Structures are given as C-alpha cells and as structure tokens.
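Please read them with the structure open.

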Amino acid sequence: KSNSTLLNEIDVIAIIEMGKKYSKFNPYNLNGFNLFSQLRPNRKGGGIGIYVRKNLNAHVIYSELTDDYEILHLEITKYEDTRNVIGMYRPPSGKFDPFMQALEALLMRIEENVVIIGDINLNTNTNLGSLSPHSNDYISLLNNYNHCIYNQAVTRFNKVTNKHSTIDHVISHKNRNDII
C-alpha cells in the first residue's frame, strides 16, 4: 500500500520522545489529524504527541510531566466505542519507584478499554537475555492488573555494542483482541 492509503486507515498516531516545542522535528501539521501534545519547552528529549483523526471525538483526561515520567491520557470516541489512549515516557535517568506508582494509579483507574503506548526504557524481551529486577517488577505489576505488553520485537539496536532491546511498549488488557 502507498503511504497515503495506509494513513487513511489509521485513526491514532502516538509519538513518544517527540522533543521540545521548537526542535528540528516539527511534525505539527498532519493533514486530517488534531495533535494533542505535552512537550518539554526547556530540555531535549521527552515529550509526547498523539495525533487523532479529526472526525473522532477526543479530549485530554490527564496529563503529567515530571523528571521521572511523562503521561498524556486521551479519551477517544469512535462511533459508540470509547477508548483510553495513553502515551508514557520514562527517561533512562528517571527514578523507577515514582514511575511505578504513576503506572499503578493508571491501571487502578482504567480497566479494559485502555492502550498504553510508551518508551519505558525497560527491556522486556526475554529472548535477549535475562531481565533486570526493574523489568521483572514492571511486568509483574502489569500482570497483577491483567495487562500485558503486546510487542516483543526489538525496538532498539546499538550498532556499537551489538545489543538489542525491547524498551518501547504497547500495553493493554489481556482480554483485548484488537491490538495486534
């Protein structure tokens, strides 16, 4: 399919680590979409942007920006179906415990109609070696709330160290069948 045909089939596009408001990467005008964003005006890195097709009803439910994590939570309605789409970013330098507390608060509030898309900076691919204690705690928290990570493909590859990782995640309730 051509890029324009494929774009016609997409209702939501999330960009995690969108950058600061006035960076070289400035994709603010995507035809047919409204942009909901939370950008860092003073520092490089971070920032969340979620594009939603203009014919959908969307509004921000919750937004939080700290040194340890970023969250942008939208409620999007298509026809009679309402979904919660959440962009999350956890910088590598972010403290783990505040991030886990924020994630647990989200999981407690929202049940089955949620998709979390994020650059979490925790490798969860067991095919690439053993997981860190933080990665194991993160996966356990998701399991406790009946959520899982739907992607296990390598999302980062370091040519210098030849190390692979899966640190970008698509998370939803385990009973969802429309994610993949």
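**Notes on the predicted model**

1. There is one aromatic pair in the structure. The ring centres of Phe99 and Tyr138 are 6.1 Å apart, and the planes meet at 40°, so the pair counts as tilted. Stacked would need planes under 30 degrees apart, and edge-to-face over 60. The model is predicted, so please read these values as properties of a prediction.

2. The pair joins distant parts of the chain.

3. Two arginines sit over ring faces. Arg90 lies over the face of Phe99, 6.0 Å from the ring centre. That puts Arg90 over a ring of the aromatic pair. Arg109 lies over the face of Tyr62, at 5.2 Å from the ring centre.

4. How do H2 and H3 pack? Their axes are 11 Å apart and the angle is about 10°. That makes the two helices, H2 and H3, roughly parallel; the cut-off for this is under 35 degrees.

5. From H2 come Phe96, Phe99, Met100, Leu103, Glu104 and Leu107. From H3 come His134, Asp137, Tyr138, Leu141 and Leu142. By class, the residues in the contact of H2 with H3 are eight nonpolar, one polar and two charged. Phe99 and Tyr138, the partners of the aromatic pair, are both among them.

6. On the overall layout: the protein has three helices and 11 strands. From the N terminus, the order of elements is α-β-β-β-β-β-β-α-β-α-β-β-β-β. Of the 180 residues, 41% are buried. Among contacts with a separation of 6 or more, 55% are between residues 24 or more positions apart.

7. Two backbone positions deserve a look. Most residues other than glycine have a negative phi. Asn121 is not a glycine, yet its phi is positive, about 60°. Asn121 sits in the loop between strand E7 (114-119) and H3. Its relative accessibility is 18%, so Asn121 counts as buried.

8. Asn146 lies in the loop between H3 and strand E8 (147-149). Is Asn146 buried or partly exposed? At 31% relative accessibility, Asn146 counts as partly exposed.

Methods
Residues are numbered from 1 along each chain as its sequence is written. This is a predicted model: local features need pLDDT of at least 70, side-chain atom pairs count only at pLDDT 80 or more; totals for chains, interfaces and linings use all residues. Side-chain values use heavy atoms; hydrogens and water are left out. Rings of Phe, Tyr and Trp (its six-membered ring) pair if their centres lie within 6.5 Å; planes under 30 degrees apart count as stacked, over 60 as edge-to-face and the rest as tilted. Helices (H or I, at least four residues) and strands (E, at least two) are DSSP runs, numbered from the N terminus. A charge sits over a ring if NZ of Lys or CZ of Arg is within 6 Å of the ring centre and within 35 degrees of the ring normal. Axes are lines fitted to C-alpha atoms, for helices over the stretch in contact, and angles run from 0 to 180 degrees between N-to-C directions. Angles under 35 degrees count as roughly parallel, over 145 as roughly antiparallel, 65 to 115 as roughly perpendicular and the rest as oblique. Contact means heavy atoms within 4.5 Å. Ala, Val, Leu, Ile, Met, Phe, Trp, Tyr, Cys and Pro count as nonpolar, Asp, Glu, Lys and Arg as charged, and the others, Gly among them, as polar. Buried means under 20% relative accessible area, exposed over 50%, partly exposed in between (1.4 Å probe, protein chains only).
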